[in-house]
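Welcome to a short briefing on one protein model.

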Amino acid sequence: MDLLPLRYFQAVARHEHISRAAEELRVAQPSLSRTIARLEADLGVPLFDRQGRRVRLNRFGAAFLRRVDRALGELEDGRRELADAAGLTRGSVTVASETLIMLVEPVKSFIAAHPGVGVRLLQSDTDTMALRLREGEVDLCLTSQPLEGSGFGERVFPAEQVMLAVSPAHRLAGRSHATMADLRGERIATTPPGHWQRAMIERLFAAAGMEPVYACEANEAYAVVELVSAGLAIGFVPAWSAANPAGPPIVLLRLDAPGCERVQRLIWRERAYLSAAARLFREHLLAALLPED
């Protein structure tokens, strides 16, 4: 079976929309539709339920997609393995993370040591990370929450305390500790649902019998620091931020509440081939981020 129709089918299945898949693949919509129709004729069953340009993966398509994802993933792993075996000096690694600021220094030092390797960084929530990892779009994920699904290998980092962040002019700024009762009615700057800060805040407030009041949301966690510094809201930042004082002025307090912490994980596909570049970056990142014994 020709691989091109399988890649076309994979894209249409992901988008469930002919126009969007055609745009991603950079092919004409009629050509894409004809390719999918020929594939269905070859298989003897329809793969989609059609509603104009909108299509829905049916039970035949869902079953076939699992096999296609596995087959194309194996072929891509084989290509990477052969490239490594041939000793090619070029290479690349793609990393997804909830926030990219922690990766800046490790990436700088890695590229300085390995200038022939390209590093691509993607900001994602955990659901998107898991999808990209399963589909082989990323090699590694740095996340503060477990990923849904099986077949992943991971290295779990030690728990890190999360601090309450307030502006220098805030009423709590002169204190070193705060309680959940001190936060009643406070407006909070945080990340959207799907990110670790939001999950932790909702867990802490539920345990205290309180409702969080959200002032604003930002996909980039570091934007929360800017909003807190401006006095627009309070926020929550990992203790790592206290050791990196560059940035807008904020005051960090310990919150006397159990579970005010995060646990980071570096995750990869366990059975998939991990390229030499990705393995090299994984070890470099672990050495950079794990605390010394």
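A residue counts as buried when its relative accessible area is under 20%, and as exposed when that area is over 50%. Glu16, at 18% relative accessibility, therefore counts as buried. Please keep in mind that this is a predicted model. The protein has 293 residues, and 44% of them count as buried.

**Overall layout**

- The fold contains 9 helices and 14 strands.
- Taken along the principal axes, the C-alpha atoms fill a box of roughly 70 × 50 × 30 Å.
- Among contacts with a separation of 6 or more, 73% come from residues 24 or more positions apart.

**The nonpolar cores**

- The largest nonpolar core has 21 residues, and Leu164, Met180, Leu183, Met200, Phe236 and Leu255 are the ones with the most contacts inside it.
- At least two residues of this core come from each of β7 (160–166), α7 (196–207) and β12 (251–255).
- Of the contributors, α7 gives the most, with 5 residues.
- Apart from this core lies another one of 20 residues, including Met102, Leu266, Ala277 and Leu286.
- What does Met200 touch, leaving aside its neighbours within four places in sequence? Met200 is in contact with Val162, Phe236, Gly259, Cys260 and Glu261.

**Strand β11 and its partner β7**

- β7 and β11 run antiparallel and are joined by 4 bridges.
- Within this pair, Val162 stands opposite Pro238 in β11.
- In a regular strand, side chains alternate between the two faces of the sheet.
- Strand β11 (residues 235–238) is covered on both faces: Gly235 and Val237 are buried on one side, and Phe236 and Pro238 are buried on the other.

**The five-stranded sheet**

- An open sheet is built from 5 strands in the order β4-β3-β5-β14-β6, with mixed pairing.
- Which strands stand at the edges? They are β4 (117–123) and β6 (152–156); each has a single partner strand, so one side of each is left without a neighbour in the sheet.
- From one strand to the next, the twist averages 20 degrees.
- β3 (residues 91–97) pairs with β4 in the parallel sense, over 7 bridges.
- Ala96 stands opposite Leu122 in β4.
- Helix α9 (residues 276–289) packs on this sheet and touches β3, β4, β5 (140–143), β6 and β14 (265–269).
- The direction of α9 makes about 45 degrees with that of β3.

**Helix α3, one face in and one face out**

- Helix α3 (residues 29–43) has 15 residues, which at 1.5 Å a residue should span 21 Å; its end C-alpha atoms are 21 Å apart, so the two agree.
- Which residues of α3 are buried? They are Leu32, Thr35, Ile36, Leu39 and Glu40.
- Seen down the helix axis, the buried residues of α3 fall within an arc of 135 degrees, so they line one face.
- An α-helix has 3.6 residues a turn, so residues three or four places apart point the same way.
- On the face of α3 turned away from the buried side are the exposed residues Arg38, Ala41 and Asp42.
- Gly44 follows α3 and has a positive phi, near 85 degrees.

- Most residues other than glycine have a negative phi.
- Glu16 is not a glycine, yet has a positive phi of about 50 degrees.
- Glu16 is placed in the loop between α1 (3–15) and α2 (18–25).
- Arg26, also not a glycine, has a positive phi of about 60 degrees.
- The loop between α2 and α3 holds Arg26.
- Is Arg26 buried or exposed? With a relative accessible area of 79%, Arg26 is exposed.

**A look at Val104**

- Val104 belongs to helix α5 (residues 104–113).
- Val104 and His195 are 91 residues apart along the chain, and their C-alpha atoms are separated by 20 Å.

Terms used: Residues are numbered from 1 along each chain as its sequence is written. This is a predicted model: local features need pLDDT of at least 70, side-chain atom pairs count only at pLDDT 80 or more; totals for chains, interfaces and linings use all residues. Side-chain values use heavy atoms; hydrogens and water are left out. A nonpolar core is a set of buried Ala, Val, Leu, Ile, Met, Phe, Trp, Tyr and Cys residues joined through side-chain atoms within 4.5 Å. Buried means under 20% relative accessible area, exposed over 50%, partly exposed in between (1.4 Å probe, protein chains only). Contact means heavy atoms within 4.5 Å. Two strands pair if DSSP finds at least two bridges between them. Axes are lines fitted to C-alpha atoms, for helices over the stretch in contact, and angles run from 0 to 180 degrees between N-to-C directions. The expected span of a helix is 1.5 Å times one less than its number of residues. The arc is that of the directions from the helix axis to the C-beta atoms.
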